[in-house]
Amino acid sequence: MTSVTTSKPDRVSRADREAARWVADQQSGLLDDAGSAHLDAWLQSAENAVAFEKAQALWLEMGEAAVRPAPQTAPSPRRRRASPRDGRRSRAPLIATGVAAALAVAFVALDGPTRLRADAVTRPGEQRTLTLADGSTVRLNTDSAVQVAYAPDRRTVRLLRGEAAFTVAPNPNRPFTVEAGGGSTTALGTRFIVRRDGVQTRVSVTEHAVRVASNPASIVVTQDQTSTYVPRQAPSAPVASSVGVGAWQDGWLVFDDQPLSAVVSEIGRYSTLPMTVIGRKARDRRVSGAFRIDQPDQTVTRLEQTLGLRSTHLLGGAIIVHD
């Protein structure tokens, strides 16, 4: 069963923020005996303990070593002459503080705040299906995150990042709503997809209908239709959904006369390597076809060969497609 949380959708909870600080301090060796005792007291709260466990898991996922207690040092029993090592020792707290700062930067860069709020997260190229407490399912696409906030009178899922397909278990007395990008989508039927793409949110219905609301207008979107919205603007009028809008659930990306720049950008969502197309002529080449999503790098290589283009692989793995 997916855990339930009631924290505000646009802000990391206080417990999560404090947990991230405690883990950074502990990892960088900043905790002395008094600090460790303070941490033990802080962990007596069940909410804090859960937040700390999530923060530890996140640091480990970021590639850090397992969190370990700070080394204990006994105080010197008597004064002694200064030595060249003292200068290095005096700099140790500054170095440890620098390490903590670097970890904090990495935490933000790797979207740690979103990960702490999320009940489920996928990495680039990963997909995952969640079965919620009421029998509804959420299919998370690549690089996505959701938070579940069920209550007795309503069912709410917050799409924090990326894209997800929802299959809703009917319950007219307990509406099912997906919050994303400053708006909401409430199920009037069974199946729909919500995607956050920058500031824009796109809602596509694959079965029955939904009501899309965004400051303060709302519209009904029916099967095989799509609507978009941005914060503080009404949702767009529904239009026919694009070809293959939900094909990613079966492992495919489908394009119909799309510019190469858009195709490579979409394929890149499933890769750990940055991809881009440069040069107007190359960017505007039109592409139609169906491509597997489990081999994004090879797919881009095949596109280059088919279209007579070239690519440059930069240090670090980034791929640039060009004439």
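Contact, in this tour, means heavy atoms within 4.5 Å. The model on display is predicted: local features need pLDDT of at least 70, side-chain atom pairs count only at pLDDT 80 or more, and totals for chains, interfaces and linings use all residues. Residues are numbered from 1 along each chain as its sequence is written, and side-chain values use heavy atoms, with hydrogens and water left out.

**First stop: the nonpolar cores**

Select phenylalanine 176. Leaving aside residues up to four places away in sequence, Phe176 touches Leu132, Ser136, Tyr150, Arg155, Val157, Phe166, Val168, Thr185, Thr186, Ala187 and Phe192.

Phe176 belongs to the largest nonpolar core, which has 25 residues; Leu132, Phe166, Phe176, Phe192 and Val194 touch the most other members. A nonpolar core is a set of buried Ala, Val, Leu, Ile, Met, Phe, Trp, Tyr and Cys residues joined through side-chain atoms within 4.5 Å. Buried means under 20% relative accessible area, exposed over 50%, and partly exposed in between, with a 1.4 Å probe and protein chains only.

To see which strands contribute, colour β3 (137-140), β4 (145-151), β5 (154-161), β6 (163-167), β7 (176-180), β9 (191-197), β10 (200-207) and β11 (209-214): each supplies at least two residues of this core. Helices (H or I, at least four residues) and strands (E, at least two) are DSSP runs, numbered from the N terminus. Another core, of 22 residues, lies apart from this one and includes Val263, Val264, Val277 and Leu307.

**Second stop: the seven-stranded sheet**

Next, display the open sheet whose seven strands follow the order β2-β3-β6-β9-β10-β13-β14, with antiparallel pairing. Its edge strands, each pairing on one side only, are β2 (128-131) and β14 (239-240). Two strands pair if DSSP finds at least two bridges between them. Strands of a sheet pair through backbone hydrogen bonds, either parallel or antiparallel.

Focus on β6 and β9, which run antiparallel and are joined by five bridges. Threonine 167 stands opposite arginine 191 in β9.

Now move to arginine 139, in strand β3. Arg139 is partly exposed, with a relative accessible area of 23%. Its contacts, residues up to four places away in sequence not counted, are Gln127, Arg128, Thr129, Glu163, Ala164, Ala165, Trp248 and Gln249. The side chains of Arg139 and Gln127 are joined by a polar contact of 2.8 Å. A polar contact is a pair of N or O atoms within 3.5 Å; within protein, one must be able to donate a hydrogen and the other to accept it, and residues adjacent in sequence count only if both atoms are side-chain atoms.

Select threonine 142, in the loop between β3 and β4. Thr142 is buried, with a relative accessible area of 0%. A polar atom of the Thr142 side chain lies 2.8 Å from the backbone nitrogen of glycine 125. Beyond four places away in sequence, Thr142 touches Thr122, Arg123, Pro124, Gly125, Glu126, Gln127, Arg269 and Tyr270.

Then select serine 214, in strand β11. Ser214 is also buried, with a relative accessible area of 1%. A polar atom of its side chain lies 2.6 Å from the backbone oxygen of glutamine 233. The C-alpha atoms of Ser214 and Val230 are separated by 7.8 Å, the two residues being 16 apart along the chain.

Select α8 (residues 296-307), a helix of 12 residues. From first C-alpha to last, α8 reaches 17 Å, close to the 16 Å expected at 1.5 Å a residue, the expected span being 1.5 Å times one less than the number of residues. Which residues of α8 are buried? They are Pro296, Thr299, Val300, Leu303, Glu304 and Leu307. Seen down the axis of α8, these fall within an arc of 145°, so they line one face of the helix; the arc is that of the directions from the helix axis to the C-beta atoms. They pack against α6 (260-268), β16 (275-277), β17 (286-292), β18 (310-313) and β19 (319-322). Just after α8, glycine 308 takes a positive phi of about 70°.

Continue to α6, which is largely enclosed by the rest of the structure, because seven of its nine residues are buried.

Finish at α2 (residues 33-42), where Gly35, Leu39 and Trp42 are buried. The face turned away from this buried side carries the exposed residues Asp33 and Ala34.
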